[in-house]
Amino acid sequence: MLAAVRAAGIEHPWAHQARAAEHALDGDSVVVATGTASGKSLSYLVPVLSTLLDGAEAPNGRGATALYLAPTKALAADQCRSVKELSQPLGHSVRAAVHDGDTPFEEREWIRQYANYVLTNPDMLHRGILPSHPRWSSFLKALKYVVIDECHTYRGVFGSHVAQVLRRLRRLCARYGASPVFLLASATSAEPAVAARRLTGLPVVEVADDASPRGELVFALWEPPLTELHGEKGAPVRRTATAEAADLLTDLTVQGVRSVAFVRSRRGAELISVIAQERLAEVDRSLARRVAAYRGGYLPEERRALERALHSGELLGLAATNALELGMDVSGLDAVVIAGYPGTRASLWQQAGRAGRSGQGALAVLVARDDPLDTFLVHHPEALFDRPVESTVLDPDNPYVLAPHLCAAAEELPLTEDDLALFGPAAEELLPQLEAAKLLRRRTRAWHWTRRERAADLTDIRGEGGRPVQVVEAGTGRLLGTVDAGAAHTSVHEGAVHLHQGRTYVVRSLDLEDSVALVEQASPSWTTVARDTTSISVLETDTEIPWGDGRLCFGSVEVTNQVVSFLRRRVITGEVLGETKLDLPPRTLRTRAVWWTVTEDQLDRARIDPEILGGALHAAEHASIGMLPLFATCDRWDIGGVSIPLHPDTPAAHGLRLRRPPGRRGLRGTRLPHRPLLAHRHPPGHRLLRVRGRLPLLHPVPQVRQRQRPLAQAGRRATAGRAAGGGA
């Protein structure tokens with residue numbers, strides 16, 4: 001193994017790599033939480049491949065196996081390439097293979113029988129491997145290591161689901177006599193060992209002292225210029241972050257600078273790519289072919305072709321979603337452009353770290369979107385550079401998460417009382433409810449799954465809400481790609497502009513029953529943006545307590561969302577060209593919510609008149625969402641909010657915090673006792689309502705739906721103060 005490492009050009013490991021490998025070989029689960037390009041992969045590959053090499057001497061040639069989990073297919077494929085390159089001097093002792101939804105069925109049987117290093121994702125582990133564990137018995141029996149790459153991405157409800165999937169894995173391994181060591185790799189985060197222990201359910205050693213050399217990173221904060229257009233109440237409108245990022249990517253490509261532009265949405269990635277290609281074609285047509293988009297929803301062969309082109313250097317510029325944020329080895333990048341604040345400082349630094357991965361200097365540019373949060377950040381860089389990265393928050397004991405995994409575990413092997421400690425203290429309380437729902441039945445000393453359908457299908461661990469919609473070219477019948485079911489109404493409705501690999505299509509029809517969107521190629525000079533409405537009905541109030549003169553409530557609600565129209569906007573300026581009505585069915589979701597009300601007397605005392613009431617409530621809504629992770633074990637992306645001056649189900653103005661559809665359950669019924677803390681708790685060194693005369697903690701958060709409503713700052717302070725029972 002040492003010879004293979006030297007053959008890869010590595011004479012001496014860095015100190016953190018050596019410490020992590022030593023812990024792994026000693027049988028200690030370990031998390032390596034160091035910066036981007038710090039060689040975390042080698043930290044776990046050395047002990048894993050060394051153990052697989054020893055296991056190859058067993059009579060069956062597979063005396064030891066290892067399982068690698070990645071949050072994305074792209075990362076698993078990239079790591080498989082790295083493993084094969086590193087283990088090439090070892091001959092056939094290491095047999096690495098990717099097992100995911102793209103793997104041909106004829107290859108899967110070989111992987112089960114002969115591969116000793118299987119690279120997959122939590123989704124395939126949940127739906128494919130664990131329910132079919134008898135077919136994987138020889139692999140699980142020999143399992144020595146489980147590698148969890150980019151473990152900081154397993155946060156919120158998704159992370160809580162993955163935590164329970166890992167507990168199911170540990171239970172089955174114990175059934176086959178195995179007790180694997182867990183090796184976790186994380187970006188720099190707060191308390192990585194605590195998060196890793198919560199994720200795996202095991203004690204984890206932390207290695208966080210980064211000993212790798214770092215090149216200089218120049219970080220620019222870029223605010224797009226004002227345009228001649230005007231928005232609400234005559235407010236000036238800035239050029240879009242998408243257009244600015246596309247221009248920057250164009251300029252960098254012309255200068256031969258290898259670059260990636262990160263953007264949140266799939267459409268944004270396609271749009272940046274198209275704009276950059278058009279600009280480059282005006283300079284040199286050959287350069288236009290060296291820029292592409294990379295996002296989810298592509299066909300497997302398209303993704304693999306893009307990955308090969310990126311690694312070979314054929315591509316100079318790439319517009320990508322977070323698939324490239326999560327660890328793909330794109331060494332040699334010189335610059336990163338980030339179109340809009342990605343939502344957390346951890347993601348910001350992870351994306352910026354894609355540049356300079358070979359130790360050279362690099363450039364990172366954050367291009368601000370035209371919204372208050374991004375505007376605040378580019379004018380207050382200390383909010384980015386002087387504050388630590390966030391903690392990874394997850395709650396495996398959330399009953400909405402735990403219940404379906406108890407059912408899945410019972411189908412895999414009948415649940416016994418000895419198993420309950422593995423799944424956490426909430427498991428024992430849930431079993432009678434699952435029995436009452438006739439999902440589980442107790443026979444003698446164990447609980448059994450009672451249904452014919454697969455228990456693993458009870459939950460989608462990513463909360464994507466149903467079968468993906470296939471995007472099909474109408475004239476040829478060719479499958480272009482897929483769109484998540486939850487996004488279909490907004491992205492592939494009739495008349496929507498759909499971008500795919502630099503080509504523009506217009507959606508001719510959307511068949512929701514068959515999950516097919518028919519598109520035809522076109523060249524419109526605009527893009528489309530869907531508009532929707534959301535209404536909330538209070539179904540049942542479980543808890544209600546006084547909050548000053550107002551009330552604080554927790555209960556069940558029904559959320560109804562409907563896409564009602566779409567806007568046609570100019571690509572570069574964002575100018576609205578027109579609006580077209582749509583006739584799409586509403587989508588409803590029953591979920592849990594916290595809501596609070598403010599009385600008219602409170603509003604009068606705070607001097608909040610009807611003109612600013614909507615903005616004041618909206619601002620307090622932002623504050624509630626921003627503060628919730630301080631008290632609740634949920635991620636801010638798991639919840640959403642609305643604020644309503646007058647709601648038919650309540651006697652006063654109110655705001656709501658609720659979990660975000662689809663499939664996410666961020667709130668639990670244990671948070672109201674902490675209500676008094678809302679008025680007092682705040683991060684060290686900060687006032688809750690003022691920081692040097694400003695309000696950074698209460699600035700808008702990206703997941704709030706009512707983005708167009710202005711925020712009344714005076715009303716924000718007064719509403720929060722009065723509702724908490726005190727002055728502003």
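Q: Over the ring of which residue does the charged end of Arg 175 sit?
A: This is a predicted model, in which local features need pLDDT of at least 70, side-chain atom pairs count only at pLDDT 80 or more, and totals for chains, interfaces and linings use all residues. Residues are numbered from 1 along each chain as its sequence is written, and side-chain values use heavy atoms, with hydrogens and water left out. A charge sits over a ring if NZ of Lys or CZ of Arg is within 6 Å of the ring centre and within 35 degrees of the ring normal. At 5.5 Å from the ring centre, the charged end of Arg 175 sits over Tyr 176.

Q: Over the face of which residue does Arg 568 lie?
A: The distance from Arg 568 to the ring centre is 5.3 Å.

Q: Which strands stand at the edges of the open sheet?
A: The sheet has 6 strands in the order 8-15-14-11-13-12, with parallel pairing; strands (E, at least two residues) are DSSP runs numbered from the N terminus, and two of them pair if DSSP finds at least two bridges between them. Each edge strand has a single partner, so one side of each is left without a neighbour in the sheet. These are strand 8 (217–222) and strand 12 (291–294).

Q: Which residue in strand 15 stands opposite Val 337?
A: Strand 14 (residues 335–339) and strand 15 (residues 362–367) run parallel and are joined by 5 bridges. Opposite Val 337 stands Val 365.

Definitions and conventions: Helices (H or I, at least four residues) and strands (E, at least two) are DSSP runs, numbered from the N terminus.
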